[in-house]
Amino acid sequence: MSQDDYRGIAYVREVYEDSQRFAMALLKENERLRKQNTELQHELSVRTAVLNARTQGSAPSAETEGLKERLQSVQRENDRLHNEQVALQQQSASLLNLYVAAYRLNGTLDRKEVLSALEEIIANMIGSEQIGIFELDEELGELTLISSVGIDAERYRSVPLDHGAIGHAARTGEIYLGGKATAADATVTACVPMTVGGRVGGVIAIFELLGQKSGLDSDDLELFNLLRTHAGMALYCTRLVAELQRA
Amino acid sequence: MTRKKILLVDDAKTVLMMEQMILNQPEFQLITAHDGEQAVELALSETPDLILLDVIMPNMTGIEVLERLRSEPATKRVPIIMVTTRSESEYVDKARAAGCTDYVTKPLDAADLLSKVRNLLEASGGATS
């Protein structure tokens, strides 16, 4: 092997290890949020139990009034804690998704496995079973469909860079967000450019969302941002490894 | 504390991993199956307290697994939550008719799934924690 080949392997290993570290950091944050969540739940139940015990067996009116005020105050605090707990649960669920997605994408150097993981992530975290994954052919100046689920693969076999939302995402490197697509117009709901070192190497096109999914939310955008770099890098690494194995 | 055994069945590694992380609680012991046949085998040999079963799987679908398990004395009454991609009534009705206890739809809602699992385990055999 040449010096370049060794550099390639070292680079792949470095990227892989970086990704694993990122995934572990996400897991730790997830654990921290889960603990905080449990503590909040415990505090809520203790406060409720104490208040219930205090208000049983009607106390003298002045004391009752005082307790009522205290109860209202604690209820307000409980509401605040409840809202905080809901927010933490959402954040924790979002982190869990990000961790699983990062782990699945970076857990293999097999191209088929990466593509399969990518489709599973979109189907099970975003909620779409109409997906196209494109790779940029720089020589031809177009995007080539390398994997798809639930769409007319022939229709999207190659997409010119100046064509629609998919081409736009590849040209600009920006995530495209459309409205909720319907089967009739067959427009895309979202296009996520896959980048390596700031350069676009491909695009993930997400078409119709599942019926129970009313639209994209902030958690989906977080996941798109992760896919933008991690999916591109994961596919790039599989290509590098394949080239090194052929050499 | 007796740990409740939960069998997770899905052909998608991503979903299994998500379910494992959501249900990674001290009161649960998790076992996994990657297809319908393995699910039936494990359900009969391990007799789990609850099964989380994907509907769409190659070779043997979740509905077929469900029908098979309901015909076996050992798994006749085990709570089974179906994991469906489609929330349309025809899929849900089909699963209900085959004997599923409850269902969740993808994308999975972590809080909803954990709450359903805990409630079903409590209803079927006492507190879980």
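This is a predicted model: local features need pLDDT of at least 70, side-chain atom pairs count only at pLDDT 80 or more; totals for chains, interfaces and linings use all residues.

In total, 17 residues line the second largest pocket. Those nearest its centre are A:Glu120, A:Ala123, A:Asn124, A:Glu129 and, from the other letter, B:Lys106. The element that gives the most to this lining is helix 3 of chain A, residues 111-126, with 5 residues.

Next, the cavities. The count is 2 cavities of 30 Å³ or more. The second largest cavity has a volume of about 40 Å³. Which residues line the second largest cavity? They are B:Val55, B:Ile56, B:Thr84, B:Thr85, B:Arg86 and B:Tyr91. By class, that lining has 3 nonpolar, 2 polar and 1 charged residues.

You will find A:Thr238 in helix 5 of chain A, which covers residues 218-246. Is A:Thr238 buried or exposed? A:Thr238 counts as buried, because its relative accessibility is 3% and the cut-off for buried is under 20%. Leaving out residues up to four places away in sequence, A:Thr238 touches A:Leu109, A:Asp110, A:Arg111 and A:Val114. Two of these names, A:Arg111 and A:Val114, fall in the range 111-126 given for helix 3 of chain A.

That is what I have for today.

Conventions. Residues are numbered from 1 along each chain as its sequence is written. Chains are lettered from A and ligands numbered from 1 in the order in which they are written. Side-chain values use heavy atoms; hydrogens and water are left out. On a 1 Å grid over the protein atoms alone, a cavity is a set of points where a 1.4 Å probe fits but cannot get out, and a pocket is an open set with protein on both sides within 12 Å along at least five of seven lines; lining residues have an atom within 4 Å of a point. Helices (H or I, at least four residues) and strands (E, at least two) are DSSP runs, numbered from the N terminus. Buried means under 20% relative accessible area, exposed over 50%, partly exposed in between (1.4 Å probe, protein chains only). Contact means heavy atoms within 4.5 Å. Grid points are joined across faces, edges and corners, and a volume is the space filled by probe spheres set on the points. Ala, Val, Leu, Ile, Met, Phe, Trp, Tyr, Cys and Pro count as nonpolar, Asp, Glu, Lys and Arg as charged, and the others, Gly among them, as polar.
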